[in-house]
Amino acid sequence: MRPAAAKPAKLVRRTSDSVDDSLVSDDSETLTDRAYRLVEELIVTLALPPETILSEQSLAARIGIGRTPIREALQRLARDGLVVILPRRGILVSQINLKTQMRLLEVRRELERLMARGAAERATREETASFATIAREMRRAASENDDMTFMRLDRQFNELVSQAARNEFASRAMGLMHGLSRRFWYQHYRESGDLPLSARLHAEVADAIAGRNPENAAKASDRLIDYIESFTRKTIEA
C-alpha cells in the first residue's frame, strides 16, 4: 500500500517573466514557501545576478511578502548554495562556478536515476496525471522555445519527482543541487544550450514516470544527464 502523498502543486501555464505565480501552488503553500519560490526564481533567472547584495526589506517590497518569511527563505537559499550569508556584512547572491557544476553532475546522475526509478514505482494516480501534464507542457515549451515556462516547469518537475520517489534522503540531497543547476543553465543556454532538446528530454522522463515504467524512467534520466554534461563541457570549453 502506497503512503499518502501531499497534493501536487497545480499546474497553470503562463509566459510572463515577471515575479508572479506562474506555476501556482495549492492553498497549502506557506508564506515562507512562496517567498522561497519567488526569490529562488529571481536568482535562478539572473534577475538577481551573482554578487548582488540582498536585503530583507528590498525583497519584501519587491515580491510583496513580509520580512519574516523572507528571512526564513534566505536561510533555505543559503543551504541550497544560492546565497551566502556574511555575518555583519550582509547577504550576497553566490557566484557561478563551472568546475563545481561538473562535480555536482557526478552526484546528480546517480540520484536522478534513483529518484526517477522510485517515482515510477511509487507515484500515486494523481501524481502520474501531473507528470503527464508536465510532459505535455514541456513539449509545448519546446515547440515555442519558451525559456520562462521551461524553467518553471523544470522546478515543478523536480519537486514532483522528489515527492513521488518517497526517499527523503535522496530528496534532501537533490534539493541542494536543483537551484544551482537551473541557474547555470539559464546563464549559458543561449550560447551553448538547446532549450527544445532539453525540454523534450525532460518530457521523456516525465512520460516514463507517468507510465509507471521504472526502467524507461532510469534510461530517460541518464539521457537527460548525458545532454546536461555535454552542455556543461561546451560551456567550459567556450
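Student: So what pattern does the chain follow, read along the sequence?

Tutor: The order is α-β-α-α-β-β-α-α-α-α-α-α-α. That comes to ten helices and three strands, where helices (H or I, at least four residues) and strands (E, at least two) are DSSP runs numbered from the N terminus. Before we go on: this is a predicted model, local features need pLDDT of at least 70, side-chain atom pairs count only at pLDDT 80 or more, and totals for chains, interfaces and linings use all residues. Residues are numbered from 1 along each chain as its sequence is written, and side-chain values use heavy atoms, with hydrogens and water left out.

Student: Noted. What percentage of the chain counts as buried?

Tutor: Of its 238 residues, 49% are buried. Buried means under 20% relative accessible area, exposed over 50%, and partly exposed in between, with a 1.4 Å probe and protein chains only.

Student: And which residues have the most contacts inside the largest nonpolar core?

Tutor: Those are F131, M138, F150, F157, W185, V205 and I209, in a core of 47 residues. A nonpolar core here is a set of buried Ala, Val, Leu, Ile, Met, Phe, Trp, Tyr and Cys residues joined through side-chain atoms within 4.5 Å. At least two residues each come from α4, α5 (125-144), α6, α7 (168-175), α8 (178-192), α9 (195-210) and α10 (214-237). The largest share, nine residues, is supplied by α6.

Student: What does F157 touch, leaving aside its neighbours within four places in sequence?

Tutor: F157 is in contact with F131, I134, H202, V205 and A206, contact meaning heavy atoms within 4.5 Å. There's also another core, apart from that one, with 20 residues, including V39, I43, L59 and L82.

Student: Back to α6. At what angle does it pack with α4?

Tutor: About 65°, with the axes of α4 (residues 98-122) and α6 (residues 147-165) 7 Å apart. The axes are lines fitted to C-alpha atoms, for helices over the stretch in contact, and angles run from 0 to 180 degrees between N-to-C directions. On the α4 side the contact uses M115, A116, G118, A119 and R122, and on the α6 side V161, S162, A164 and A165.

Student: Switching topic: which residues of α2 are buried?

Tutor: In α2 (residues 56-63), that's E56, L59, A60 and I63. They're on the same side of α2 because they cover an arc of only 100° around the axis, taking the directions from the helix axis to the C-beta atoms. Q57 and A61, on the other side, are exposed.

Student: What covers the buried ones?

Tutor: The cover includes α1 (31-44), β1 (53-54) and α3 (67-79). Just after α2, G64 has a positive phi of about 70°.

Student: Last one: where is L92 placed, and what does it contact?

Tutor: L92 is in strand β3 (residues 90-93) and counts as partly exposed because its relative accessibility is 25%. Neighbours within four places aside, L92 contacts E51, T52, I53, L82, V83, V84 and L86.
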